Amino acid sequence: MHDLIFRAWKNKNLLFYVVLIPLSWLFAGLTALRRFLYRVGLLRSYPLPVPVIVVGNINMGGSGKTPVVIWLVNQLKAHGYRPGVISRGYGVKVTHPKRVEITSQPSEVGDEPVLIARKTGCPVYVSADRVEAGNSLLKMHPECNVIISDDGLQHYRLQRQIEIAVVDQQSQQNSRLLPAGPLREPYARIASVDAVILNGNDSEYVQAGHLMQLVASNFYNLLNPDVKQAVSYFKDKQVVAVAGIGKPDRFFKQLQALGLQFTERAFDDHYDYTRQDLSNIKCDALIMTEKDAVKCQTFAEAHHWVLPVEAKIDGRLLPMLLLKLQQKTNE
């Protein structure tokens with residue numbers, strides 16, 4: 001179904017005009033109604049006792065939110081804050097708020113929350129209800145003085161003091177709402193957020209946003225993460241790159257930019273890898289993203305490698321966020 005809809009977007013076929021466009025109009029109406037009900041108070045939203053920063057997007061699929069959350073946590077910690085992170089935990093059923101440990105299974109709490117916990121060391125809680133997740137986190141970690149919501153731009157039940165929207169090229173190429181396009185809300189929604197982060201430098205909104213690049217460092221071995229190698233290590237090897245993320249082409253292009261020669265294997269976003277999935281791939285070196293790696297750790301082999309990336313965001317953003325956060329804290 002996923003591929004069928006994407007082909008309809010690209011080819012503008014009968015399915016697109018007869019089915020997807022009318023459904024998109026209906027979705028737009030329901031989205032507008034829901035926002036209106038929250039705005040006038042007929043649907044209730046709830047505050048947390050500390051400032052909340054939402055890092056989200058308006059389009060389906062990966063736009064780079066998780067690297068932004070990790071960057072933001074580390075920057076806030078460096079400036080004396082004690083952040084905690086809440087998340088829905090994509091693709092998992094969590095009946096009550098649950099703390100994410102660095103040893104947690106992604107199948108139980110989600111792959112992105114595990115990655116955030118490992119990369120930041122801060123408290124991370126997951127729940128479909130982010131208000132409950134935030135309150136549970138603060139109950140167990142009263143030292144936290146700011147909450148970052150990984151995704152949740154459309155989770156209006158949770159009041160927020162700062163909104164950050166992460167935008168990529170896909171959300172600009174097709175400006176239609178689901179299911180006729182990738183947007184969860186109209187593109188005009190980003191005009192109301194506090195900051196727009198542009199993943200890549202090909203956006204028409206460069207002047208209005210903050211550019212982000214995902215910068216790669218040395219590869220590390222999944223079986224023994226202390227072992228690191230530069231790209232030259234793979235020069236004479238048969239390499240296969242796998243990606244189970246929202247935009248696998250972004251990962252593959254990054255590997256190509258490093259000069260790596262490899263065969264591509266794309267899986268669905270948040271794909272739940274099995275040992276057999278990887279053992280069936282015959283190669284000298286198998287390379288994956290960090291998001292994939294947290295799901296493959298338990299069956300890692302010596303030829304499995306990971307390419308870590310770090311968000312680099314233009315220097316105008318952090319001072320603005322710190323100022324806004326200080327103002328919100330003093331209100």
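Biologist: In which loop is the place of His 270?
Modeller: This is a predicted model, in which local features need pLDDT of at least 70, side-chain atom pairs count only at pLDDT 80 or more, and totals for chains, interfaces and linings use all residues. Numbering starts from 1 along each chain as its sequence is written, and side-chain values use heavy atoms, with hydrogens and water left out. Helices (H or I, at least four residues) and strands (E, at least two) are DSSP runs, numbered from the N terminus. On that basis, His 270 is in the loop between β12 (263-266) and α9 (275-279).

Biologist: What is the phi of His 270, and is the residue buried or exposed?
Modeller: His 270 is not a glycine, yet its phi is positive, about 65°. Burial is set by relative accessible area: buried is under 20%, exposed is over 50%, partly exposed lies in between (1.4 Å probe, protein chains only). At 16% relative accessibility, His 270 counts as buried.

Biologist: Which loop holds Asp 151, and what is its relative accessible area?
Modeller: Asp 151 also has a positive phi without being a glycine, near 70°. Its place is in the loop between β5 and β6. Asp 151 is buried, and its relative accessible area is 13%.

Biologist: Which strands stand at the edges of the nine-stranded sheet?
Modeller: Strands pair if DSSP finds at least two bridges between them. The order of this open sheet is β3-β4-β2-β5-β1-β6-β7-β8-β15, with mixed pairing. Two strands have a single partner each, so one side of each lacks a neighbour in the sheet: β3 (98-99) and β15 (309-313).

Biologist: At what angle to β5 does helix α3 run?
Modeller: Axes are lines fitted to C-alpha atoms, for helices over the stretch in contact (heavy atoms within 4.5 Å). Angles run from 0 to 180 degrees between N-to-C directions. Helix α3 (residues 65-78) lies across β1, β2, β5, β6, β7, β8 and β15, and its angle to β5 is about 170°.

Biologist: Which strands does helix α5 touch?
Modeller: Helix α5 (residues 111-120) packs on the sheet too, and its direction makes about 170° with that of β4. The strands it touches are β2, β4, β5 and β15.

Biologist: How many residues of β6 are buried?
Modeller: Ile 162, Ile 164 and Val 166 point one way from β6, while Glu 163, Ala 165 and Val 167 point the other way. In a regular strand, side chains alternate between the two faces of the sheet. β6 pairs in parallel with β1 over four bridges, and four bridges also join β6 to β7. The buried count in β6 is six of six.

Biologist: What is the bridge partner of Ile 164 in β7?
Modeller: β6 and β7 run parallel. For Ile 164, the partner in β7 is Ala 195.

Biologist: Which residue has its backbone oxygen 2.9 Å from a polar atom of the Asn 199 side chain?
Modeller: Asn 199 is found in β7, and is buried at a relative accessible area of 11%. Beyond its neighbours within four places in sequence, its contacts include Gly 64, Asp 168, Met 212 and Arg 250. A polar contact is a pair of N or O atoms within 3.5 Å; within protein, one must be able to donate a hydrogen and the other to accept it, and residues adjacent in sequence count only if both atoms are side-chain atoms. The backbone oxygen at 2.9 Å belongs to Ser 63.

Biologist: Which residue caps the N-terminal end of α2?
Modeller: At the other end, α2 is followed by Gly 41, with a positive phi near 90°. At the N-terminal end, a side-chain oxygen lies 3.2 Å from the backbone nitrogen of Leu 15. The capping residue is Asn 13.
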